[in-house]
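Please read these notes with the model open beside you. They go point by point, and each point can be checked on its own.

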Amino acid sequence: MMSARRIDQIWLFGGLALIVLLVAGGWFLLINPKHAETAEVETATQDTEIQLTRAKNSFAALKKEAEKLDEYEAQLAEYQAALPVTSKTNGIPDFLKELQKIGLKLDVDVSGYSASAQEASKEVTSAKVLPITLNVEGAEPENISKFLKQLQNVQPRAVQIDTVSLTSKEDSVEMTLTLNAYVTSTETAKIG
């Protein structure tokens with residue numbers, strides 16, 4: 001027979017074993033999965049913080065670029081004026097008006113305009129070349145020279161001067177220009 005003390009020891013060890021088993025089971029069934037969930041949430045939080053930082057940096061870069069929008073729009077408008085889109089008139093009437101304005105300011109007569117059919121550009125596939133011949137006449141050779149400089153550097157249209165022929169008359173100088181104006185087949189959004 002077992003003594004009462006022995007039975008108490010069995011119950012004590014059995015109770016301790018049950019407590020250890022309950023603690024271990026609680027750990028593996030309840031606490032450890034929560035630690036795993038916590039680790040997953042912390043990882044997701046770190047990933048989200050990294051994404052947020054990248055988004056903030058991208059936003060700051062876009063905001064900085066947006067501050068330059070007026071500058072970009074002005075530059076685009078300048079480029080569009082230099083290289084208009086192919087049309088029925090190819091912007092030639094506006095180009096001639098601009099040349100006549102320059103001529104009036106410099107006291108030279110811009111006349112004798114003739115143009116050939118547009119040709120494909122050898123350098124740029126989306127551009128067309130418009131060969132143009134102009135006659136410019138003025139009393140002062142210096143004004144003719146200024147007109148030529150403004151044609152090449154000031155007026156907005158992209159032109160390339162091929163030949164210049166000067167003829168001196170009694171009271172004036174006549175210049176015949178052969179030049180190429182350019183148009184593009186690539187349309188961009190108009191500003192304004």
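1. Basis. This is a predicted model, in which local features need pLDDT of at least 70 and side-chain atom pairs count only at pLDDT 80 or more, while totals for chains, interfaces and linings use all residues. Residues are numbered from 1 along each chain as its sequence is written, and side-chain values use heavy atoms, with hydrogens and water left out.

2. Salt bridges. How many salt bridges does the structure hold? There are 3, a salt bridge being a side-chain nitrogen of Lys or Arg within 4 Å of a carboxyl oxygen of Asp or Glu. As background, side chains of opposite charge can pair when their charged atoms come close.

3. The linked group. E137, K169 and E174 are joined in a network of salt bridges. In the pair E137 and K169, the closest N and O atoms are 4.0 Å apart. This pair links distant parts of the chain, with E137 in strand 3 (residues 127-138) and K169 in the loop between strand 4 (159-168) and strand 5 (173-184), 32 residues apart. Strands (E, at least two residues) and helices (H or I, at least four) are DSSP runs, numbered from the N terminus. K169 also meets E174 in a salt bridge, at 3.2 Å from N to O.

4. E137 is partly exposed at 30%, and K169 is partly exposed at 39%. E174 counts as buried, with 18% relative accessibility.

5. The helix pair. E142 and K146 form a salt bridge with an N to O distance of 3.4 Å. Both belong to helix 4 (residues 141-153); because they are 4 residues apart there, about one helical turn separates them. E142 counts as exposed at 52% relative accessibility, and K146 as partly exposed at 39%.

6. Strand 5 and its partners. Which strands pair with strand 5? Strand 3 pairs with strand 5 in the antiparallel sense over 12 bridges, and strand 4 runs antiparallel to strand 5 with 9 bridges joining them. Two strands count as paired if DSSP finds at least two bridges between them. The hairpin from strand 4 to strand 5 passes through 4 residues.

7. The core. The largest nonpolar core has 21 residues, and those touching the most other members are L99, L134, F147, L177 and L179. Two or more residues come from each of helix 3 (92-106), strand 1 (108-115), strand 3, helix 4 and strand 5. Helix 3 gives the largest share, 6 residues. A nonpolar core here is a set of buried Ala, Val, Leu, Ile, Met, Phe, Trp, Tyr and Cys residues joined through side-chain atoms within 4.5 Å.

8. L179 in detail. Contact means heavy atoms within 4.5 Å. Leaving aside neighbours within four places in sequence, L179 is in contact with residues including F95, L130, L134, L151, V159 and I161.

9. A surface patch. L12, F13, L16, I19 and V23 make a nonpolar surface patch of about 520 Å². Patch residues have over 30% relative accessible area and no salt bridge; like charges are joined within 9 Å and nonpolar side chains (Val, Leu, Ile, Met, Phe, Trp, Tyr) within 5 Å. Accessible areas come from the Shrake-Rupley method with a 1.4 Å probe, and for residues only the protein chains shown count as cover. L16 lies in helix 1 (residues 4-67) and is partly exposed at 43%.

10. Two loop residues. S121 sits in the loop between strand 2 (119-120) and strand 3, and counts as buried at 11% relative accessibility. S121 and Y182 are 61 residues apart in sequence but 8.6 Å apart in space, C-alpha to C-alpha. D107 lies in the loop between helix 3 and strand 1. D107 is not a glycine, yet has a positive phi of about 60°, and counts as exposed at 60% relative accessibility.

Definitions and conventions
Buried means under 20% relative accessible area, exposed over 50%, partly exposed in between (1.4 Å probe, protein chains only).
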